[in-house]
Amino acid sequence: MPTIIWIHSINATENLTTLDTLCQNKTSEFKMKVRVLTRESQKEGYEKILENYSDYFKDLKLVTAEDEKISNLGKTKNYEIDYSFDNGYANVFMLDDDITKLEVKVSGSNSIKNPEEVLNSWYDFHCSLLDEDKNCVMTSVLKDLSKAKPIKSAELYGGICTQCTLINVRRAKEFNIFYGDNNIVGHEDVDYRAQLIVNGKTYYRFTELVYGTEPLNTDTFEGDTLQERFTRQRDLFKQKWGEQYPWIIYTTSMINGIELDDVKLDPFVNKRGVIESH
């Protein structure tokens, strides 16, 4: 399979939760290519961390970049896309470093719980969707591997569609759609999906992937509280999209359990919290 799995991470100290999940807490060998991306200033610490996993991954390597080049998630994901494109990869997974579980619930049969089987199944179905839809750039969040519908809407931030994605980097380059700098666009994933919608491109959202993550915290984000972080992201996002595309706004008044009193629903937003093109 000509793909790699990116895990972007900073400030880890002893282990990487996503690596633990992929190798099932060091009980099996994970055969797919995995690349952990971190900042150059943290290289030594991550080299020590990856040593703990050397017996459980067939192809696990550390990639580092200058701190400024990956100073936020938008820049980091662009770096992963550029690196993948330059090295001949078409489709690549991009995972957060705090994934605690990967499982696909397949209707009428047993769930797929082996992480490598989950990712292989996702990859195969992703490629078939790309063949059917030439405007499709990415897929995120698995559904029952026999049923998927193309959509031109983007689920807003809630940790569901942003932590596990599979992207065709060649189409991303061809369509000139890039992750924005978080200091400009707010939340890079919400902005990316807005770009897809405005440019008439599609992504497929699979909703029956069951996975867990560690709780959010402010260790790697600016601001004293999560509410400050989300408020800042929302305001930057609205500054970019609000006037030209008034139907695109941060729609949910409850983000990850934190109330933002001044957020109102746009009339074009359905109850599930997605933004749609009109």
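Two strands are taken to pair if DSSP finds at least two bridges between them; helices (H or I, at least four residues) and strands (E, at least two) are DSSP runs, numbered from the N terminus. The model is predicted, and local features need pLDDT of at least 70, side-chain atom pairs count only at pLDDT 80 or more, and totals for chains, interfaces and linings use all residues. Residues are numbered from 1 along each chain as its sequence is written, and side-chain values use heavy atoms, with hydrogens and water left out.

Strand 4 (residues 91-95) has partners in strand 1 and strand 9. Strand 1 (residues 5-8) pairs with strand 4 in the parallel sense over 3 bridges, and I5 stands opposite F93. The pairing of strand 4 with strand 9 (residues 164-168) is antiparallel and runs over 5 bridges; here F93 stands opposite L166.

A nonpolar core is defined as a set of buried Ala, Val, Leu, Ile, Met, Phe, Trp, Tyr and Cys residues joined through side-chain atoms within 4.5 Å. The largest such core holds 25 residues, of which I5, L19, V34, F57 and L119 touch the most other members. Strand 2 (residues 30-39) supplies the largest share of this core, 4 residues. A second, separate core of 21 residues includes I70, M94, Y179 and Y203.

With residues up to four places away in sequence not counted, F57 touches L19, L22, C23, F30 and V34 (contact: heavy atoms within 4.5 Å). F57 is buried, with a relative accessible area of 5%, and F30 is buried at 1%. The whole structure contains 6 aromatic pairs, defined by rings of Phe, Tyr and Trp (its six-membered ring) with centres within 6.5 Å; planes under 30 degrees apart count as stacked, over 60 as edge-to-face and the rest as tilted. The ring centres of F30 and F57 are 5.6 Å apart and their planes lie at 50°, so this pair is tilted. Because F30 lies in strand 2 and F57 in strand 3 (residues 57-65), the pair ties together parts 27 residues apart in sequence. Ring pairs also link W6, Y79 and Y83 into a cluster.

Methods
Buried means under 20% relative accessible area, exposed over 50%, partly exposed in between (1.4 Å probe, protein chains only).
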